[in-house]
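Please keep the sequence and the model in view while reading.

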Amino acid sequence: MIRYYLQLIIWMFFMAVVTFLAAGTLAYPAGWAMIILFIGGGVAMIAWLSRRSPQLLRERMGSPIQKDQEGWDKIWLSLFILAFCVWFAFMPWDAARSNFTAMPMWLQITGGLLILANYAGCFWTFNENTFAAPVVKIQEGQRVIDSGPYALVRHPMYSSALLLFLGMPLLLGSWTGLWGSLVLSVALAWRSVNEEKALRRQFVDYGDYSGRVRYRLIPYLW
């Protein structure tokens with residue numbers, strides 16, 4: 001547990017440094033709000049998963065590159081993390097160019113609520129699927145889940161991530177950052193398609209499941 005909290009502290013310190021260096025000031029309320037939301041969500045996840053599924057907690061806090069991970073996913077995830085970090089650093093800088101006034105307050109509040117909705121979706125997914133690893137790999141004992149959020153979309157963690165990608169630029173006050181949200185969302189959609197190829201190879205009933213649940217990420221759309 002101590003190790004996981006230390007990981008969270010290091011990651012939050014990194015995010016705070018990037019946020020306020022890029023913004024050029026500590027007087028950035030939206031930046032503080034985002035850090036507080038991430039700290040609260042991270043602490044809640046560690047505390048809850050330590051009781052609900054310690055194995056899943058180990059997976060979520062593990063390395064982004066793992067031995068049993070699909071080879072293509074190692075490349076994809078490395079590039080995705082790099083792109084996310086660049087996008088994340090850009091948004092405070094972009095917001096600072098307008099003296100943090102480009103985004104109306106109600107949209108920034110909406111962005112914060114979308115980040116909270118992302119956490120709610122993640123917790124709902126974790127509650128139903130204790131094999132929700134952050135990397136594409138087949139785990140011992142893994143099976144097809146069709147309950148909870150998996151009855152709505154085939155990749156509810158990715159659906160939750162879409163809310164995060166939209167919420168962050170809104171909260172931070174970066175209109176241009178929304179283009180980055182689109183790029184990351186398309187990249188995640190590409191991953192979902194290729195992840196399903198691995199799932200179809202491993203699980204004979206995945207085809208039946210995908211026939212029942214037609215949508216990958218967004219209900220009634222795709």
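## Cysteines

The structure holds zero disulfides, a disulfide being a pair of cysteine sulfur atoms within 2.5 Å. Cysteine 85 is in no disulfide, and the nearest cysteine sulfur, that of cysteine 122, is 18 Å away. Likewise, cysteine 122 is in no disulfide, with the sulfur of cysteine 85 as its nearest cysteine sulfur.

At 24% relative accessibility, cysteine 85 counts as partly exposed, whereas cysteine 122, at 12%, counts as buried. Buried means under 20% relative accessible area, exposed over 50%, and partly exposed in between (1.4 Å probe, protein chains only).

## Basis of the model

This is a predicted model, in which local features need pLDDT of at least 70 and side-chain atom pairs count only at pLDDT 80 or more, while totals for chains, interfaces and linings use all residues. Residues are numbered from 1 along each chain as its sequence is written, and side-chain values use heavy atoms, leaving out hydrogens and water.

## Nonpolar cores

A nonpolar core is a set of buried Ala, Val, Leu, Ile, Met, Phe, Trp, Tyr and Cys residues joined through side-chain atoms within 4.5 Å. The largest one has 47 residues, and those with the most contacts inside it include Met34, Phe38 and Phe165. Apart from this core lies another, of eight residues, among them Val144 and Tyr209.

Leaving aside neighbours within four places in sequence, phenylalanine 38 is in contact (heavy atoms within 4.5 Å) with Met12, Met15, Ile115, Tyr119, Leu164 and Met168.
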